[in-house]
Amino acid sequence: MLVCTGYAAESPSAPLAPYSFTRRAPGQQDVEIEILYCGVCHSDLHFARNEWGFTAYPAVPGHEIVGRVKSVGAGVSKHKVGDLVGVGCMVDSCRTCPSCQEGLEQYCDGGLAGQTYGGVEKQTGEPSKGGYAERIVVDESFVLRIPENLNPAAAAPLLCAGITLYSPLRHWGAGPGRKVGIIGLGGLGHMGVKLARAMGAHTVVFTTSPGKVADARRLGADDVIISKDPEHMAQHAESFDLIIDTVSASHDLAPYFGTLKREATLVQVGAPDKPLPFNVFPLLMKRRNFAGSLIGGIKETQEMLDFCGQHNITADVEMIPIQAINEAYERMLKSDVKYRFCIDMASLKA
Ligand code: NAP
Ligand code: ZN
Ligand code: ZN
């Protein structure tokens, strides 16, 4: 067993606080990683506060992990001591079901047992614990290579925010000649802008925050729509080939459906705890599609990281010490993050 310090929530209403626990000793196929940085995803907040109803306490969030390999098991061939590596939302899967065989581990028939946090560790039977910690032990098959040309702190959010947008942009064919909308300019949304633009799509941001318009353009948006302004929305009626919705709270989708072309698709990636209310008629009228998407598989995550290495894409991060995590959550709830908080794990020793 390895002793590990980190931060955890003890209950849905408790602030995150210092917490000491144990990790399994690295086995044959395991990689032990010293965590350097961990991005702060809105899912961490949903999870810490049990907003999705499956949190086991004490809860250690964090699934945008970047670190250096500290030790490897005897059977490890993909990574070596000193490598810069990443871990995202998954640390395992059943590996035998049709989805796993197709490299779509995020849709494993075994459910979400292999999640980095909120799952159950196969090797120990214990609830899995995430990256707000000094180290983590992960099977080598779920450890990603981080391109060395990227700033490691700014690369951390690629492990969740990056892949969550990359996968649907690829699946629904974002590229030249396609008008792609991104709803919500937060952690996921700002990665969506950078990625859709790099894929060659005409990229448009829908935001509720007029103060983010200049940033949206700086990040690569060709256009920005204030979604609360019906006239502005009407100017873009029936014009989008694809829209990805990253909003973390319940909101009405009908106005967005109206901006899709006939048979075009709105993909939901935001995961509000409350149901989304919407009028179905805009869907019926133009045979439009409403879909969902969950992160991406391990192979696709590596492909995304390599794509970001080639195009020099990382997140815009605001670095914080772990002691500031509760304040960061409050700011995230006010849509006041530009555009991803990232924890400098050296602060754990402070
Ligand atoms: P975030 O950084 O907090 O960004 C969310 C953005 O949504 C905000 O910046 C804001 O953008 C907009 N927004 C917030 N509240 C709103 C409201 N009431 N009405 C309209 N717009 C609102 O969060 P994130 O880390 O990007 O995560 C977003 C969601 O995706 C969370 O629910 C998270 O759990 C989920 N998620 C899903 C996956 C997946 O695999 N599907 C993966 C990761 C995260 P503007 O200020 O521009 O309006
Ligand atoms: Zn996430
Ligand atoms: Zn499976």
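This is a predicted model: local features need pLDDT of at least 70, side-chain atom pairs count only at pLDDT 80 or more; totals for chains, interfaces and linings use all residues.
**Exercise 1. Contacts between the domains**

**Exercise 2. What the interface buries**

Find the area buried between domain 1 and domain 2, then look for the polar links across it.

*Solution.* First, the area: about 1400 Å² is buried between the two domains, with 50% of it from carbon and sulfur atoms. On the domain 1 side, Cys-160, Asp-316 and Tyr-339 lose the most area to domain 2, together 41% of what that side buries. Now the polar part: 13 residue pairs are in polar contact across the interface, and the salt bridges between the domains number 2. Asp-316 turns up again here, as its side chain forms a salt bridge with that of Arg-218 (3.1 Å, N to O).

**Exercise 3. The zinc site**

Which residues coordinate the zinc ion (ligand 3), and why is the arrangement of its donor atoms called tetrahedral?

*Solution.* Begin with the donors: the SG atoms of Cys-94, Cys-97, Cys-100 and Cys-108 coordinate the zinc ion at 2.3 to 2.4 Å. Along the chain, these donors follow the spacing C-x2-C-x2-C-x7-C. Then check the geometry: the 4 donor atoms subtend angles of 102 to 119 degrees, so the arrangement is tetrahedral, since all angles lie between 85 and 135 degrees. For comparison, the ideal angle for four tetrahedral donors is 109.5 degrees. Lastly, consider burial: both Cys-100 and Cys-108 are buried.

Note on methods: Residues are numbered from 1 along each chain as its sequence is written. Chains are lettered from A and ligands numbered from 1 in the order in which they are written. Side-chain values use heavy atoms; hydrogens and water are left out. Donors are N, O and S atoms within 2.8 Å of the metal (3.2 Å for Na, K and Ca); water is not among the atoms, so sites may look incomplete. Four donors count as tetrahedral if all angles lie between 85 and 135 degrees; four count as square planar and six as octahedral if opposite donors are over 155 degrees apart and all others between 65 and 115; anything else is irregular. Buried means under 20% relative accessible area, exposed over 50%, partly exposed in between (1.4 Å probe, protein chains only). Buried area is the accessible area (1.4 Å probe) that two parts lose on being put together, summed over both. A salt bridge is a side-chain nitrogen of Lys or Arg within 4 Å of a carboxyl oxygen of Asp or Glu. A polar contact is a pair of N or O atoms within 3.5 Å; within protein, one must be able to donate a hydrogen and the other to accept it, and residues adjacent in sequence count only if both atoms are side-chain atoms.
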